[in-house]
Structure formats: C-alpha cells, structure tokens
Amino acid sequence: MNKEQIEAEMDDIMERIMTTEEAGETWGLSQDRVKRLCGDGTITARKRGKTWLIYKRQDNPKQRERNND
C-alpha cells in the first residue's frame with residue numbers, strides 16, 4: 001500500500017469517528033456526559049489510551065433517552 005492509499009484509508013476512518021468533544025457539540029451534551037455514555041456502553045465507542053473514539057453515524061443518545069421515558 002502506498003502513502004496516498006494509506007492516507008485515503010485514514011481519511012475514510014476519520015470521517016466515521018468523532019471525539020467526546022465533537023459528540024457533545026453535535027448532540028448538545030456535555031463532554032463529561034458523553035464520556036459516561038461511552039463508559040456504560042450506551043453509545044458505540046472504543047477507548048484508545050485516554051481517548052474515546054465514537055462512531056458518528058449513530059442516533060443522538062439524548063433522543064433515545066426521551067423515547068425510553
């Protein structure tokens with residue numbers, strides 16, 4: 001695989017994930033709330049080191065919480 005192919009693949013991956021900060025801004029939640037949702041498995045995410053990587057194409061957990069009420 002050459003450098004351009006690797007970079008294209010990395011760009012594709014980066015388009016599918018977001019940080020807790022980005023998720024908070026997108027979903028209207030605090031970053032701490034997003035981290036708790038990651039930790040309890042409410043949202044699809046993986047932890048790498050101290051950083052949560054969150055799958056972008058999932059429903060806003062705020063809407064899910066309302067639907068469960």
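Relative accessible area, computed with a 1.4 Å probe on protein chains only, sorts residues into buried (under 20%), exposed (over 50%) and partly exposed (in between). The model described here is predicted, so local features need pLDDT of at least 70 and side-chain atom pairs count only at pLDDT 80 or more, while totals for chains, interfaces and linings use all residues. Residues are numbered from 1 along each chain as its sequence is written, and side-chain values use heavy atoms, with hydrogens and water left out.

Side chains of opposite charge can pair when their charged atoms come close. With a salt bridge taken as a side-chain nitrogen of Lys or Arg within 4 Å of a carboxyl oxygen of Asp or Glu, the count comes to two. In one of them, Asp12 pairs with Arg16, the closest N and O atoms being 2.3 Å apart. Both residues lie in helix α1, four residues apart, about one turn of the helix; helices here are DSSP runs of H or I with at least four residues, strands are runs of E with at least two, and numbering starts at the N terminus. Arg16 is partly exposed at 34%, and Asp12 is partly exposed at 36%.

Glu7 forms a salt bridge with Lys3, with 3.7 Å between the closest N and O atoms. Glu7 is partly exposed at 41%, whereas Lys3 is exposed at 59%.

Turning to a loop residue, Asn60 sits between β3 (51-55) and α4 (61-68) and is buried, at 14% relative accessibility. Its side chain reaches the backbone oxygen of Trp27 at 3.4 Å, and a polar atom of the Asn60 side chain lies 2.8 Å from the backbone nitrogen of Lys62.

Technical notes
A polar contact is a pair of N or O atoms within 3.5 Å; within protein, one must be able to donate a hydrogen and the other to accept it, and residues adjacent in sequence count only if both atoms are side-chain atoms.
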